[in-house]
Amino acid sequence: MIDMSKLWLYHPKPLPDELLSSWLVRIAHGHDMKLQTFCRVALGKGQDIWLRDIDRQAPDWLIRALSKNTGVGLRTIRRASLLDYKGVLYHRYKWSGHQYWILPLMMVDTSYHHHGMQYCPMCLAEDEVPYFRKRWRVALYTMCTKHQCMLHDRCPSCGGVVEFTRREMGKFSQVDAGLITQCHVCDFDLRNAKVVKPVIYDESAALTWMPVLKMLEGESVDARYDVGFFAVLHQMCKILLAHGQHVYLQKFVADKIGAPEVALLTGHASFENYSLEDRHVVIQLAMWLMADPEARIVDAWRNKAVRYSMLNKDFKPMPQWYRDVVMLCVNWRLASEM
Ligand SMILES: [Zn+2]
Ligand SMILES: [Zn+2]
């Protein structure tokens, strides 16, 4: 039962695929309040809510308070957090630290140090009520299929990170919060960001990738795209970006499909740490392998582009079909040694 007396004056439902943080900003602005003021007045907490990535680490008290004051069910609110991809994109959800497929924000105090919030300018421009989507935090989501355009991961005017929860922070004199679509540094309206057509390198890779993008956009996909698929896909990304003397997989696949070389970052940077442009290339290389893993992974191995030991390095749990692919390499080796 909803207790009507507890409801906030303005209590919209989250929009399709809306991020928790975006919804909370809209609620605050709907009360003509700055976000921090609203959180202090309505939730009894001020800035400390924003010392963490609330879309990854939504505290239970916040979800309960939002439910009580908006009449929206707990489940719906939990679905607005990145926890919703558990069992879809990953087996385990890590509360903190590196979570594969999710772009990090690298928060220091309340500001982000990584361009981990992406957006499609066309989606924002077409929205009746502009809002930020959950899928824009997913590292393999580099283009919008609806608008056939590249996402952006920064303000095109000043290069700043997209941090719509920070628009009013520290600006005490500013009463009006402005628009959620405006850059928090320079006020540029992100809806006016340039629309860039994505480069697609190979048809078979695209045919494997597009259903994943559409799944994140809300369409259903076939059973092939299970959590095991995404685990293997991530392993492919990892090998494509691995340092080492005997890893030529990136070059091998890039030559096949005519993709440019992606310069490796130093240290153990993972796929999620790479730039939007680089991820757009690497995911297509990985999808090319996933389009026909039995033939293409084994072929790469036979051409010495990847070692057998790399294929299953630190990879658990491994889906059976992938175990079989790796076994094919072993069998080939045994056959060639006979
Ligand atoms: Zn779009
Ligand atoms: Zn800016």
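**View 1**
You will find K304 in the loop between α10 and α11. Helices here are DSSP runs of H or I with at least four residues, strands are runs of E with at least two, and both are numbered from the N terminus. The phi angle of K304 is near 60°, a positive value in a residue other than glycine.

A word on reading these views: the model is predicted, so local features need pLDDT of at least 70 and side-chain atom pairs count only at pLDDT 80 or more, while totals for chains, interfaces and linings use all residues. Residues are numbered from 1 along each chain as its sequence is written, and chains are lettered from A and ligands numbered from 1 in the order in which they are written.

**View 2. D17 and P14 sit in the segment before α1.**
Look for D17 by its backbone: its phi is near 65°, a positive value in a residue other than glycine. D17 is partly exposed, with 19 other C-beta atoms within 10 Å. P14, in contrast, is buried, with 22 other C-beta atoms within 10 Å. Not counting residues up to four places away in sequence, P14 touches W23, V72, T76 and A80; two residues are in contact if their C-beta atoms, placed from the backbone, lie within 7 Å. The C-alpha atoms of P14 and P211 are separated by 24 Å, and the two residues are 197 residues apart along the chain.

**View 3. H29 is a buried residue of helix α1.**
Helix α1 covers residues 20-30, and H29 lies in it. Around H29 there are 20 other C-beta atoms within 10 Å. Y10 is 19 residues away from H29 along the chain, and their C-alpha atoms are separated by 9.3 Å.

**View 4. Helix α7 is largely enclosed by the rest of the structure.**
Ten of its 14 residues are buried, among them F229, F230, H234 and Q235. The elements that cover the buried residues of α7 include α8 (249-257), α9, α11 (308-311) and α12 (320-337). From first C-alpha to last, α7 reaches 20 Å, close to the 20 Å expected; the expected span is 1.5 Å times one less than the number of residues.

**View 5. Helices α7 and α9 pack against each other.**
Helix α7 (residues 227-240) and helix α9 (residues 276-291) pack at about 125°, with their axes 9 Å apart. That makes α7 oblique to α9. Axes are lines fitted to C-alpha atoms, for helices over the stretch in contact, and angles run from 0 to 180 degrees between N-to-C directions. Angles under 35 degrees count as roughly parallel, over 145 as roughly antiparallel, 65 to 115 as roughly perpendicular and the rest as oblique. On the α7 side, L233, M236, C237 and L240 meet V282, L285, A286, L289 and M290 of α9. By class, this contact has nine nonpolar, no polar and no charged residues. Ala, Val, Leu, Ile, Met, Phe, Trp, Tyr, Cys and Pro count as nonpolar, Asp, Glu, Lys and Arg as charged, and the others, Gly among them, as polar.

**View 6. Helix α10 meets both α9 and α12.**
The axes of α9 and α10 come within 5 Å and cross at roughly 115°, so the two helices are roughly perpendicular to each other. Here W288, L289 and M290 in α9 meet P293, R296 and I297 in α10. With α12, helix α10 (residues 293-302) has axes that come within 9 Å and cross at roughly 40°; α10 and α12 are therefore oblique to each other. P293, E294, I297, V298, W301 and R302 in α10 meet V325, L328, C329 and W332 in α12. These residues divide into eight nonpolar, no polar and two charged.

**View 7. A cis peptide bond joins K316 and P317.**
Omega for this bond is about -15°. P317 is found in the loop between α11 and α12.

Notes
A residue is buried if 20 or more other C-beta atoms lie within 10 Å of its own, exposed if 12 or fewer, and partly exposed in between; C-beta atoms are placed from the backbone.
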